[in-house]
Each structure stands twice: as structure tokens, then as C-alpha cells.
Amino acid sequence: MFKLLVQKIIVQNGLVQKPVRAFVPLGLSILLTSCAMGPDYQRPEMELPAQYHDDLAQEPLTNLGLSKWKSFYLDPDLQILISHALSQNLDLESVRSRLIAARSKVTVTGAALYPSLGLEAGAERAIDSAITSTDPEHGNEFNLDGTVSWELDIWGTNRRRSEAEYANFLSAQDALNLAVISLISDVASRYYEWLDIEQRYQIALNTVEIRLKERDLSRLRKKNGVISGLQVRQAEVEYQSAKVTLPDLDFERKAKSNQLKILLGEFNYPLEAKTGDELLEDITLFPNSFVVGVPSQMLSQRPDVKAAEQALIAANANVGVAKTAFFPQFTISGSYGTETDDLSSIFDSQGLTWSLLGGITAPIFNAGSISAQYEIAQQEYKQANLAYRSTVLSAYFEVNDAMNSFRRSELAIEAQQDLVAASKEYTRLATLRYRNGVSSSLDLMDAQRSLFNAELTLSQVRRDRLLSMITLYRSLGGGVLTEEELADISSSNQSDSS
């Protein structure tokens, strides 16, 4: 470091006016005329298609993802679960903590743009050596100084760092929004998956009960000589075939319940299953009409796309930071205070001190380290650019896939409902013919087996339709909370953890 100016003078009170007056205008004039190195950020050009590849309604001004989650998830029971998860989920609390840390890092980085002020106080008591002085004396010295130091941001190093850190903070904010969206959709998905398993478990129980009665009836008819032993065995096989499905379904419904409780942050949360009739009213679970918007809305709507762009902004700013390392750094520091040999007169002492120091640190030889760091920053920007483009591309096709899944589920549910209706009628007629002795038990068992499988599949198809709605809403960036709602989550989590 080359010292430009070093002054330390003990003077009377009126002799330090000009150096102190000159310090602030000098620093401000240098700062105002400085510029930030490196390229200013510009969003990469991407040729997004004007529409998604589907026949769902698409409008440029509105879409399903802009609606709040309570306007999309209309089931009151599910709304209670989601609200509980938003206030109790442990992973969400962890993401919120990272956001608070990112906000503090912005403050730390931004502080480098301003002068640092401090206060120094010292006291010393000494005695002369008896070897060099025949009459050694004790001496006191007390000093009180105000200090200031400032690294002049000539090349915009600190401004680029501040820009990068603020982008990281916004990325952390988008990460919190993404965690909220994921949590909401995961709670909804696990809830409807659990209801589906509960429904299928109940169907299996009912079928087992019916087939048990059929088996007992077969045994009675054989005893009376009406049917043969073969038909009894057939009834036994059908009964056991239905019964064997119960253990797996029982395990699945308990496992899915546990998954839901993890999201809710509870060891024991009372879950109540809906009846089959309530599940059939799926039109009340979601809005019955919606539009999906256009692809360009993803850039400002999906948190993962926004987070990827903020990472790109930070990488762009870091290129500027790396470029400034080629240039000298300028620092200014100073102090102003008083010293005395009597502590009681420290504020009245005439022994004033001041100093003004300027310094330059310039790179001369570093074995290519600075150039390598600059190359690393450029490549990290390139990687962030590619990651952003990949995120946008994946998001576009994720919406497409969700739309296709929704359309497929609508067609599948219509076909499966027709199959269940036909199977019920087939079973009704087969039962009548069997009881009237017109047809054999094989026809009845075949009809009952078809109805059992059709009802199980219908429950799964209904589940798939609900999940496709959830996936579509999530893929459009739906569920982002307002600033007030995010603040409520933060305050509730903070109070719970304290």
C-alpha cells in the first residue's frame, strides 16, 4: 500500500478546521464520479410460444395461477389442513429462517457503501527506567478519539456486491414462496390420496361382507343339495380374493395418513374421512371454470423461474465484482480526539489530535489469480444463464403436461363412471337370475368381480382428476401468498419457536 497522506499533529482547538472540512467533500466527489464495472443485467431473450399446446381456455390477462389458494381449494376441511400446515410445518420454518438470514446479509453487504464510524479510548500509566533516569517519575496519558474509515467505491465493487446479495435475498424470498406452493399442493395431494385409499378400503370391506354372505349362502345351499361343492369352493375363492386386498389397503391408508401428519407438523392430528357421497361432489372442491393464461406469464408468476432469474442477476453482478479486482482500491481513514495526563480534564484538554490517511492498494503480480477469478465469474454467469433457460423450458412443458393430464382425467372419469353404471346393472340382473335359478353362481360372481374392480378403479380415476387439478394449479404458480400472509406465517412461526 502506498501512503498518500499521513498527518498526526497535536494542536490547539482552532487549528483542525480545514482538514476535517475537506474530508467529506473529497470522498463524496470521488464517489459520485465513480462507475460500476461489469455489464448491467438484461433478461435473456427467449422465444416462448404464444400459447400452450392444448384446447383449454387461454387468456393473456388472467389465469388460474393468479387466484389465491383459498379461492381454488374450496373444500373447507382441506382449507383447515392447509392453514394448519402453513403455521406448523417444520420445513417451511427452515426456509423462512434462511430468508431472514438472506435479508441480514443484504444489510451487511450494503454497509460497505458507507463510512464506518468508531470511538477509541485509551489509558496508559508508565514510569521511567531507573537505569536511564536518576529520578524516575510516573506518567499518565489518557486519550479519546473518534475514528472514521471508508473504502471508496470507485469501480463499483461494493455496489455490485450489494446488487448480488439483494438478488440472493429475492431468490430466498422466491424459495419461500416455492416452499409455500409445494406445501399447499403436497397437503392437498396427500389428503385426496388418503381419501381415495379410505374409499377403496371401504369398498373392499363392503365387498368382503357381501361375499362372506354369498359363501355362507352357498354352504347352506350345498347342505340342502341345491348346488355342488365346486360352487362352494368358487364362492370361497371370491371371498378370499376380496379379503386379501384389505391388508395392503389398510397399510396404505395408515402410511398416507402419516405422510399427511408430517406435513401438518403433528404427531397426532385427528383426520376424518369423507363418505363416498361426499367424494362424488368434486365440483365443490375446485372452481368449475378457469383459464390457464399464456406462457409469458410464467416469467413473473412461477417462483422457481423468478428464483432462477435472481440467481442469474447475482451471477451477472459477481462478474462486475471480479472485474474490479484488476484495479486499485482506495481507502480513506481519519481520527479526531483529545489527549491529556489528567482523566478529569479529558473533555477540557487543549491537546487535540487529528489524523487523515489515504491509501491505494494496487495488484502487481498474483500469478494469474485475478484473471482466473474473472474467468470463473464469467463461467458461473453462463451456467446461471443456462439454468434459467432450462427452468423456463421445463416450466413450459410442465404446464403442458398438467393440462394434458387434466384433459385425460376428465375423459377417463366419464368412461369409468359409465363402466361402473353398467357393472351395477349387470350385477343386479345376475343376482335376480341367480336367485330365480335361471343362471349359475359363476355369472353372479363374475358380475360382482367386475363391479368390485370398476368401483376401485373409479375411486382411483377420481383421485387422479383431483391430483391433475392440483398439479395444474401448482404448475401455473398458484398459491403464492401475499406479503401480509407471509408476514403472518413468519410471526406465527416465530412465536411458536420462542
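Of the 498 residues of the chain, 42% count as buried. This is a predicted model, in which local features need pLDDT of at least 70 and side-chain atom pairs count only at pLDDT 80 or more, whereas totals for chains, interfaces and linings use all residues. Residues are numbered from 1 along each chain as its sequence is written, and side-chain values use heavy atoms, with hydrogens and water left out.

User: What makes a residue buried, exposed or partly exposed, and which of these is Ala367?

Analyst: Buried means under 20% relative accessible area, exposed over 50%, and partly exposed in between (1.4 Å probe, protein chains only). Ala367 has a relative accessible area of 64%, so Ala367 is exposed. Ala367 is found in the loop between E5 and helix H11 (369-435), and has a positive phi of about 60° although it is not a glycine.

User: Why is Gln202 called partly exposed?

Analyst: The relative accessible area of Gln202 is 38%, and Gln202 is therefore partly exposed. This residue, Gln202, is found in helix H5.

User: Why is strand E5 described as largely enclosed by the rest of the structure?

Analyst: In strand E5 (residues 352-361), 7 of the 10 residues are buried, so E5 is largely enclosed by the rest of the structure.

User: What makes two strands a pair, and which strands are joined by bridges to E4?

Analyst: Two strands pair if DSSP finds at least two bridges between them. Strand E4 (residues 329-340) is joined to E5 by 10 bridges, and the two run antiparallel; here Gln329 has Thr361 in E5 as its bridge partner. E3 and E4 also pair in the antiparallel sense, over 11 bridges, with Ser149 opposite Ser333 in E4. Strand E2 (residues 116-127) and strand E3 (residues 138-152) run antiparallel and are joined by 12 bridges, and Ile127 stands opposite His138 in E3.

User: Why are H5 and H12 called roughly antiparallel?

Analyst: Axes are lines fitted to C-alpha atoms, for helices over the stretch in contact, and angles run from 0 to 180 degrees between N-to-C directions. Angles under 35 degrees count as roughly parallel, over 145 as roughly antiparallel, 65 to 115 as roughly perpendicular and the rest as oblique. The axes of H5 and helix H12 (residues 441-475) come within 9 Å and cross at roughly 175°. That makes H5 roughly antiparallel to H12. Their contact has 12 nonpolar, 8 polar and 10 charged residues, where Ala, Val, Leu, Ile, Met, Phe, Trp, Tyr, Cys and Pro count as nonpolar, Asp, Glu, Lys and Arg as charged, and the others, Gly among them, as polar.

User: What makes H3 and H7 oblique to each other?

Analyst: Helix H3 (residues 76-88) and helix H7 (residues 245-264) pack at an angle of about 55°, with their axes 7 Å apart. H3 and H7 are therefore oblique to each other. The residues of this contact divide into 5 nonpolar, 2 polar and no charged.

User: Which residues of H3 and H7 meet, and how is contact defined?

Analyst: Contact means heavy atoms within 4.5 Å. Leu81, His84, Ala85 and Gln88 in H3 meet Leu260, Leu263 and Leu264 in H7. Gln88 has 28% relative accessibility and so counts as partly exposed.

User: What is called a nonpolar core, and how many residues has the largest one?

Analyst: A nonpolar core is a set of buried Ala, Val, Leu, Ile, Met, Phe, Trp, Tyr and Cys residues joined through side-chain atoms within 4.5 Å. The largest has 58 residues, and those with the most contacts inside it are Tyr73, Leu86, Val187, Tyr192 and Phe286. Helix H5 (residues 157-223) gives the most to this core, with 12 residues. Apart from it lies another core, of 10 residues, including Tyr239 and Leu246.

Definitions and conventions
Helix = DSSP H or I, 4+ residues; strand = E, 2+ residues; numbered from the N terminus.
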